[in-house]
Amino acid sequence: MTVTFAVVATPGPTQASWVGQVRMLEDLGYAAVLVPDTLWTVSPFPALAAASVAAPRIRLRTWVLASPMRSPAAVVREASAVQRLSDGRFELGIGTGRPDAAGEAARLGVTWGSAAERVAQLEAVVTAVREQVQPRPPVVMAASGAKSLAVAGRVADRVAVALGPHSTRADLEAGAARVRESAPDVSLSLQAFGVSDRVPEYLARQGFSGAGLRDAGSILMLPGDPAAIAEQAREHAETLGVDEVVVPSDFVREVAPAIALV
């Protein structure tokens, strides 16, 4: 099983900084760049459109699009634009929205809805994109709870098992098993939180330390040695079907040597 590495990246303050960042990721061997969908970061679709011109090979994914924030028609329009500009490299990363995102929906003037309504909205968006965007982009769904993982297994081409910072291998195994109940062969992704004993600044501000997470057995902390990262990635792929590792942008240079070793 081939293992790939992707990066969650937020566009910098200027065109030059974003172009340079995406080109660096492509040169380092990363397979995809993933842009968040929040009100305090750059809107993902124009950022991905710019990235598509800056780097001609890297794949482009929303990470993850909050389905309650846009109608199916709006997502189809934006996804079609990026798909056309990138010559077919767009991937729809989507979820039902972070639990704390109801305030963002209110600021945008859209209905947040119940959990069931948000799932229905997600399925409507996925159906519209699959029917109307050409070529049809892969759908990657982030999910955590038992119900959402079951939905993800049903509607997505790839599932990112969303885990909390202290999650262990047993938690990952349980999430993967839940997905497999709906889709035995679906691809899986795992988003790393840190490398060795370091975490991104946003986690440090929340009181997390890399050493603490590592000592607690967090499956989301990558080893510090590239060879060990590659070995862990191969093991997760062979035993759990996790064939994509998503890396925070803070650690792209440290992780990059592992890409050639998997």
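Which residues are exposed on the other side of H1? Ala16 and Asp27 are; the views below, taken from a predicted model, start with this helix.

**View 1. Helix H1, residues 15-28, and its two sides.** The 14 residues of H1 should span 20 Å at 1.5 Å a residue, and the end C-alpha atoms are 20 Å apart, which agrees. Buried residues in H1 are Trp18, Val19, Gln21, Val22, Leu25 and Glu26. Because these residues cover an arc of only 160° around the axis, they lie on the same side of H1. Ala16 and Asp27, on the other side of H1, are exposed.

**View 2. The surroundings of H1 and the residue just after the helix.** Just after H1 comes Gly29, whose phi is positive, at about 105°.

**View 3. Helix H2 beside helix H3, residues 72-85.** Two packed helices are described by the angle between their axes and the distance between the axes. For H2 and H3, the axes cross at roughly 10° and come within 9 Å. Since angles under 35 degrees count as roughly parallel, H2 and H3 are therefore roughly parallel to each other. On the H2 side, the residues that meet H3 are Phe45, Leu48, Ala49 and Ser52. Their partners in H3 are Glu78, Ala79, Val82 and Leu85.

**View 4. Helix H6, residues 146-155, packed with helix H7, residues 169-182.** The axes of H6 and H7 are 7 Å apart, and the packing angle is about 45°. H6 and H7 are therefore oblique to each other. The crossing in which H6 passes H7 is right-handed. From H6, the residues Ala146, Leu149, Ala150, Gly153 and Arg154 take part in the contact. They meet Gly175, Arg178, Val179 and Ser182 in H7.

**View 5. Glu104 in helix H4, residues 102-108.** Is Glu104 buried or exposed? Its relative accessibility is 8%, so Glu104 counts as buried, the cut-off for buried being under 20%. Apart from neighbours within four places in sequence, Glu104 is in contact with Thr38, Leu39, Trp40, Met69 and Arg98.

How values were computed:
Residues numbered from 1 in each chain as written. Predicted model: local features only at pLDDT ≥ 70, side-chain atom pairs only at ≥ 80, totals over all residues. Heavy atoms only, no water. Helix = DSSP H or I, 4+ residues; strand = E, 2+ residues; numbered from the N terminus. Expected span 1.5 Å × (residues − 1). Buried < 20%, exposed > 50% of the residue type's maximum accessible area, 1.4 Å probe, protein only. Arc of directions from axis to C-beta. Contact = heavy atoms within 4.5 Å. Axes fitted to C-alpha atoms, helices over the stretch in contact; angles between N-to-C directions. Parallel < 35°, antiparallel > 145°, perpendicular 65-115°, else oblique. Left-handed = near helix turned anticlockwise from the far one by under 90°.
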